[in-house]
Amino acid sequence: MEKFRFLTAGESHGKCLTAIIEGLPANLDIDVDFINEELKRRQGGYGRGGRMQIESDTVEIMSGVRFGKTIGSPVTLVIKNRDFENWQNIMSANPKDITSDKAFTTYRPGHADYAGSVKYNQRDLRNILERSSARKTAIEVAVGAVAKLLLKQFGITASSKVLQIGNGKTEEEFHAEIDRAKAAGDTLGGKIEVTFENLPVGLGSYVHWDRTLDGRIAQAVMSVPAVKSVSIGNHHAYKMLGSEFHDEIFCEDGKITRKTNNAGGIEGGMSNGENIVVTAVMKPIPTLRKPLKSVDCITKEPTEAHFERSDTCAVEACAVVVESRIACVLANEILLKYGGDSIEELK
Ligand SMILES: Cc1cc2nc3c(=O)[nH]c(=O)nc-3n(C[C@H](O)[C@H](O)[C@H](O)COP(=O)(O)O)c2cc1C
């Protein structure tokens, strides 16, 4: 059933991140500058750590595009990890380079370390950290940028904003909250809102649970690292009356209109033509400079969680990743509904 499919590969400190996208129509304009702008947005935001100063992500297109347009074949994207230079020995694929003293063995609370080491039977927790790291969201944002280029052909646009960080509700307060957390060796999460405009009516469906647009968006957003809740439309629904919440329907010049959008653009698992509005909560960054209590995975002795260069707060970046995920869902739905092997046919 899926039309817009992609797989990504790559470790946080490995050579590169890669994605193969399949299902794009031919003759779609691929603006590399736009993809790189999106990568830059993901790297920005107040409260980011040192890694973001080392990496200045740019995408390389390895297949599927000629002279700025897709040709119908799979599109391969690569982002080099500039930091790899400093990690060549530690991340080597060659068994001769093995250095057991470089293993890190203390679980980091809030990360994949403990469950991942049990699941994949690993004693060097780097084998878990490297892929579970949010570094992989860089290549996901590149894929999302390609999805946005497809959506742009139909006038569909995305935007996002930070609603809250800690107790702060204005930009000045966000910065003050982040400064305070950073000075204390602590971290923060926050709440974001993402909006997509100019959607056609009828993306998604109510006929099966796994075809609902809200269900698909929720899964795509919930799986962003550190996102712990997703809601669509007015997130105060639980305390509103039906008469206040539901968006009454009017007709102006033969066109269905609403005066409110508490449904967030989705009714019955389908887009209803209003803006799609998604809010998500990101938990505080789990790597703390003032380390949390933990245990060593080999000795099981109490110790402090491993610390590696880390963000204090990445809520603005998270919003970009959430936009990208939703863009992929919507691109898939557009292709499912309208089909076509070229952009001309799709239109
Ligand atoms: C854009 C972005 C940047 C992140 N940066 C960091 C970071 O620097 N340090 C960290 O410990 N976690 C960071 N995280 C969060 C972790 O990747 C995430 O909490 C962890 O992988 C566990 O997954 P879970 O929170 O979904 O359970 C970041 C998440 C996102 C979306």
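In this predicted model, N27 sits in the loop between β2 (16-22) and α1. Most residues other than glycine have a negative phi. N27 is not a glycine, yet its phi is positive, at about 70°. The residue counts as partly exposed, because 15 C-beta neighbours lie inside 10 Å.

F67 also has a positive phi without being a glycine; the value is near 50°. F67 lies in the loop between β4 (65-66) and β5 (69-70). It has 6 C-beta neighbours inside 10 Å and therefore counts as exposed.

Helix α1 (residues 32-43) meets helix α5 (residues 137-152): their axes come within 9 Å and cross at roughly 135°. This angle makes α1 oblique to α5. The crossing is right-handed. From α1, the contact draws on F34, I35, E38, L39 and R42. From α5, it draws on T137, A138, V141, A142, A145, V146 and L149. Of the residues in this contact, nine are nonpolar, one is polar and two are charged.

Helix α7 (residues 213-222) has buried residues at L213, D214, R216, I217, A220 and V221. Viewed down the axis of α7, these buried residues fall within an arc of 160°, so they line one face of the helix. An α-helix has 3.6 residues a turn, so residues three or four places apart point the same way. The buried residues of α7 pack against several strands, namely β9 (201-204), β10 (227-232), β13 (266-267), β14 (270-272) and β15 (276-282). They also pack against helix α9 (315-338).

How values were computed. Residues numbered from 1 in each chain as written. Predicted model: local features only at pLDDT ≥ 70, side-chain atom pairs only at ≥ 80, totals over all residues. Buried ≥ 20, exposed ≤ 12 C-beta atoms within 10 Å, placed from the backbone. Helix = DSSP H or I, 4+ residues; strand = E, 2+ residues; numbered from the N terminus. Arc of directions from axis to C-beta. Contact = placed C-beta atoms within 7 Å. Axes fitted to C-alpha atoms, helices over the stretch in contact; angles between N-to-C directions. Parallel < 35°, antiparallel > 145°, perpendicular 65-115°, else oblique. Left-handed = near helix turned anticlockwise from the far one by under 90°. Nonpolar A, V, L, I, M, F, W, Y, C, P; charged D, E, K, R; others polar.
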